Amino acid sequence: MFPIFRLIKDLLKARRMSPMGLTETHVSSHICWPWDLDIWMELNNGRAMTLYDLGRTMQAQRVGLIGALRQNRWGMTVAGTTVRFRQRIRGFERFEMRSRAVAWDDKFIYLEQSMWKKNGTCASHVMLRTALTDQNGIVPPAKVLERMGLSGTAPPAMPDWIDAWRAADAQRPWPPMQEGLA
């Protein structure tokens, strides 16, 4: 079940925080509640991705994107992702999430997020290829920036590791798993 009450709480909290620049890092604090656990009593990987959704939403609020979404009736979507899980987060453990936009191209906005344990260890890291959509499909980031009052904002340089992921992902067959089917 989607944590709608957490989302509302987080959005209200983000509205009271100071605005931030497009590529600045939003930092939020979280607790791994019992309903976030899997059968091994650690943060469920699916729930981790849902919590990352919350972090992205707070980050979007702080950079001014939520207003543009509402005003233009756009939606946010994830068009690709890669994730690394390295440390367990246990029940009732507190952790910090960091969320930021890294770069964008003519179609997508690339974000990275991470969860950090209180001892300074990175528990997980995710890179997301995201898009904003309307009834006609993907809204170009340049148009999004224009509607946010940031026309002409140049994208930061695409990091090599994200560029390598984009190249590798472009080689994946689509639709997948078609070989051997009649």
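This is a predicted model: local features need pLDDT of at least 70, side-chain atom pairs count only at pLDDT 80 or more; totals for chains, interfaces and linings use all residues.

User: Why is Asn 72 called buried?

Analyst: Buried means under 20% relative accessible area, exposed over 50%, partly exposed in between (1.4 Å probe, protein chains only). Asn 72 has 19%, so it counts as buried. Asn 72 sits in helix α3 (residues 65-72); helices are DSSP runs of H or I, at least four residues, numbered from the N terminus.

User: What makes Asn 72 and Arg 147 a polar contact?

Analyst: A polar contact is a pair of N or O atoms within 3.5 Å; within protein, one must be able to donate a hydrogen and the other to accept it, and residues adjacent in sequence count only if both atoms are side-chain atoms. Here the two side chains make one at 2.4 Å.

User: And why is Ile 8 called partly exposed?

Analyst: Ile 8 has 42% relative accessibility, so partly exposed is the label. Ile 8 belongs to helix α1 (residues 4-16).

User: How do you know that the buried residues of α5 line one face?

Analyst: In α5 (residues 160-170), the buried ones are Ile 162, Trp 165 and Asp 169. Viewed down the axis, they fall within an arc of 55°, so they line one face of the helix; the arc is taken from the directions from the helix axis to the C-beta atoms. Asp 160 and Ala 170, on the other side of α5, are exposed.

Note on methods
Residues are numbered from 1 along each chain as its sequence is written. Side-chain values use heavy atoms; hydrogens and water are left out. Helices (H or I, at least four residues) and strands (E, at least two) are DSSP runs, numbered from the N terminus.
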